[in-house]
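Here are some notes to read alongside the model, in case you are opening it for the first time. Have it on screen as you go through the points.

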Amino acid sequence: MQDEFKDKKVVLTGASGVFGRFIAIAFARAGAKLCLSDMRAEALADLVAELGLKKGRYLTHVTDLRDAASANDLVALVESEWGAPDILINNAGVYPNSLLLDTPLEEWDRIFDVNLRAPFILSTGFGALMKKHGVKGNIINISSGAARRVRPTTVPYCTSKAALNHFSKGLALEFAPFGVRVNVVEPGFAPGSIVSELSEEHVARVSANIPLGRTSGPDDVANAIMFLCSPRGE
C-alpha cells in the first residue's frame with residue numbers, strides 16, 4: 001500500500017504534534033512529498049531533520065490557524081509550488097480540559113477556530129485547487145470519539161468535533177462530483193501534546209477506560225489514513 005503514495009503531495013496541519021508526527025513519518029517513509037504546517041517554526045525544522053527530508057521533497061509553513069490570512073497563505077504556497085495537493089489532512093486541533101463555567105468566550109472561540117473554522121478554510125481552499133487542476137484527491141479530517149460521547153470538562157471539544165463530523169459529511173457530498181473523497185478518522189487517545197496539556201489524573205482516568213489497555217500508537221492513525229486515501233478506500 002505504501003508504494004501508492006510515492007511522490008504524492010500531502011498537506012498536513014499540526015505536523016509537529018503527537019498525531020502529526022506519526023502521520024508525517026508514515027508518509028515520508030512511503031516516499032510522499034510533504035507540506036508540513038504548524039504554528040511552531042522550530043518544531044517544524046526539527047521534524048524535517050528527523051524525517052531526513054531532502055530539498056524539493058517538502059515544504060514548510062508556519063501557520064496560525066486562527067488567522068484566515070495565514071491559512072489562505074498556506075493554500076497559496078501550495079498552489080505556487082505544486083498546483084494542487086493530492087491529500088489534505090486537517091490534523092491540527094486543541095483539546096482543552098475545563099468545566100463550561102470555567103471556560104471564557106475567548107477559549108470557546110479558540111477551540112472552534114482551530115478545530116472547525118480552519119478545516120473549513122483549508123478544505124474549501126485546497127478542494128478548489130483539486131477541482132481546478134483535475135486532481136481526484138482526498139481530504140481527511142481528524143476527529144475524535146468525543147464527537148459521539150460528551151464528557152464533563154471536555155464539552156467544547158466534543159461539540160467542535162461533532163460539528164467537524166457533520167461538516168465532513170456535507171463536504172463529501174459536495175466534493176464527490178469532481179472526484180475528491182472526504183473522510184473522517186477518529187484516532188484513539190494519545191497524550192503528550194504540548195499545545196493541549198493534560199493533567200496526569202486526566203490521562204490516567206482516560207487510559208484506564210481503554211479496552212486494549214494502551215493509548216494510540218504510531219501506526220494506528222497513519223494506517224487508517226493511508227487505507228482511506230488508497231484505491232481500497234474508494
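**Notes on the model**

1. Start with H61, which sits in strand 3 (residues 58-62); helices (H or I, at least four residues) and strands (E, at least two) are DSSP runs, numbered from the N terminus. Bear in mind that this is a predicted model, where local features need pLDDT of at least 70 and side-chain atom pairs count only at pLDDT 80 or more, while totals for chains, interfaces and linings use all residues. Residues are numbered from 1 along each chain as its sequence is written, and side-chain values use heavy atoms, with hydrogens and water left out.

2. Is H61 buried or exposed? H61 counts as buried because its relative accessible area is 7%; buried means under 20%, exposed over 50%, and partly exposed in between (1.4 Å probe, protein chains only).

3. The term means a side-chain nitrogen of Lys or Arg within 4 Å of a carboxyl oxygen of Asp or Glu. Both D38 and R40 are buried.

4. The structure holds eight salt bridges, and another of them pairs R232 with E4, at 3.2 Å between the closest N and O atoms. This one links distant parts of the chain: R232 lies in the segment after helix 7 and E4 in the segment before strand 1, 228 residues apart. R232 is partly exposed, with a relative accessible area of 45%, and E4 is partly exposed too, at 32%.

5. Look as well at D113 and R66, whose side chains meet in a salt bridge (2.9 Å, N to O). D113 belongs to helix 4 and R66 to the loop between strand 3 and helix 3 (68-82), with 47 residues separating them. Which of the two is buried? D113, at 15% relative accessibility; R66 is partly exposed at 37%.

6. Now the inside. The largest nonpolar core has 31 residues, and F27, L36, I89 and I225 touch the most other members. (A nonpolar core is a set of buried Ala, Val, Leu, Ile, Met, Phe, Trp, Tyr and Cys residues joined through side-chain atoms within 4.5 Å.) Elements giving two or more residues to this core include strand 1 (9-12), helix 1 (18-29) and helix 7 (218-229). Helix 1 supplies the largest share, seven residues.

7. Beyond its neighbours within four places in sequence, I89 is in contact with V10, V11, L12, T13, I23, F27, I140, I142 and I225. There is also a second, separate core of 26 residues, with L74, L129, V135 and V182 among them.

Notes
Contact means heavy atoms within 4.5 Å.
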